[in-house]
Amino acid sequence: MSEERFGEFVLVRRHEQGYVAELALDRPKAMNAVSTEMARSLTAACTALGEDRDVRVVVLTSTHERAFCVGADLKERNSFSDADLVRQRPVTRGAYTGVLQLPVPTIAAVHGFALGGGFELALACDLIVADRTAVVGLPEVSVGVIPGGGGTQLLPRRVGAARAAELIFTARRVEAAEARELGLVDQLVEAGRDREEALATAGRIAANSPVGLRAAKRALRLGHGLDLRAGLEVEDAAWRSVAFSGDRAEGVAAFNEKRKPQWPGE
C-alpha cells in the first residue's frame with residue numbers, strides 16, 4: 001500500500017495494485033471539519049484521482065475514531081466577513097463537486113458523526129457504508145443557512161422529496177438503524193467495520209472492467225431524472241463508448257476461455 005498526502009488534511013492510500021484509492025479525511029483535531037485549506041486539498045486530490053486511469057474505485061474514509069466529518073469549520077467561519085464568505089464559497093463548493101464528479105464508482109465509509117457538509121460528502125458518493133455508531137443529518141437551517149454542498153439536491157434523489165424536506169427542515173440527527181431504514185445509507189455493518197467493508201466492496205468492483213465502470217457511472221449519473229426515452233439515449237451513447245473497446249474484446253475472450261480477464265483499460 002502506498003500513500004500520498006494532499007496538504008495537511010487529506011491522505012490518499014492505494015490498495016489492490018492501485019486500482020482502489022482510499023481518500024482519507026485526516027483532520028482529527030477538528031473531527032474533519034472542512035476548512036478552506038482542507039477544501040482545497042480535497043479538490044486537488046479528487047482532480048488527481050479523476051485523471052488517474054489506474055484508479056477504478058474511490059473509497060472516502062476518515063482517520064478520526066468517532067467522526068466521519070462534522071461539516072463546515074464554523075470556528076473558521078465565525079471570524080469571516082461577508083467578503084471572506086463570498087471568497088470561500090467556490091473553494092468549498094469545489095471540494096463537494098470534486099467528490100461528486102469523480103468518474104469512477106465511489107463509496108463512503110461512515111462512522112460516528114456525518115453532519116452537514118460531512119454528510120453531503122457521503123451523499124456525493126455512489127454508495128454509503130455505515131457502521132452502527134453513525135449519526136447523519138443536515139442541520140444547516142439550525143445555524144441559519146441551508147445545505148450548500150449538494151444536500152438539497154442529493155438527498156431527495158436518495159429518499160424522495162417529502163422525506164428530504166422533513167429531514168432538512170427539522171435539522172434532526174438520524175442514528176444508524178433509522179438511517180438504513182430510510183435509505184440514507186446503503187449498508188449497515190458492525191461498529192468499527194465500515195472502512196473494512198467499504199474496501200472489500202471496492203475490491204469486488206475493481207475486479208471489473210475500468211472502461212465499463214466509468215461508462216456505467218456516466219450513464220447512471222447523466223440519465224438520472226430524464227424521461228425514459230432520453231435516458232435510453234444516454235445509455236446507448238455509453239454503450240457505444242465501450243462496445244468497441246479493448247476491455248469489451250478482452251471480457252468476451254476471457255469468458256469464452258474460462259479465465260480471469262486482464263483488462264487493458266481502454
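These legends describe close-up views of a predicted model. Local features need pLDDT of at least 70, side-chain atom pairs count only at pLDDT 80 or more, and totals for chains, interfaces and linings use all residues. Residues are numbered from 1 along each chain as its sequence is written, and side-chain values use heavy atoms, with hydrogens and water left out.

**View 1. Helices α9 and α10 pack at about 165 degrees.** Helix α9 spans residues 210-223 and helix α10 spans residues 228-243. Helices here are DSSP runs of H or I with at least four residues, strands are runs of E with at least two, and both are numbered from the N terminus. The axes of α9 and α10 lie 9 Å apart. Axes are lines fitted to C-alpha atoms, for helices over the stretch in contact, and angles run from 0 to 180 degrees between N-to-C directions. The angle makes α9 roughly antiparallel to α10 (under 35 degrees is roughly parallel, over 145 roughly antiparallel, 65 to 115 roughly perpendicular, the rest oblique). From α9, the contact (heavy atoms within 4.5 Å) takes in Val211, Gly212, Ala215, Arg218, Ala219, Leu222 and Gly223. Helix α10 supplies Val234, Glu235, Ala238, Ser241 and Val242. Seven of these residues are nonpolar, three polar and two charged (Ala, Val, Leu, Ile, Met, Phe, Trp, Tyr, Cys and Pro count as nonpolar, Asp, Glu, Lys and Arg as charged, and the others, Gly among them, as polar).

**View 2. Helices α1 and α3 pack at about 40 degrees.** Their axes are 8 Å apart. Helix α1 and helix α3 are therefore oblique to each other. On the α1 side are Thr36, Ala39, Arg40, Leu42, Thr43 and Cys46. They meet Gln88, Val91, Thr92, Gly94, Ala95, Gly98 and Val99 of α3. This contact divides into six nonpolar, six polar and one charged.

**View 3. Asn32 has a positive phi in a loop.** Most residues other than glycine have a negative phi. Phi of Asn32 is near 65 degrees. The loop runs between β3 (20-25) and α1 (36-51). Asn32 counts as buried, at 0% relative accessibility (buried means under 20% relative accessible area, exposed over 50%, partly exposed in between, with a 1.4 Å probe and protein chains only).

**View 4. Ala171 also has a positive phi.** The value is near 60 degrees. Ala171 sits in the loop between α6 (161-170) and β10 (174-175). Ala171 is buried, with a relative accessible area of 14%.
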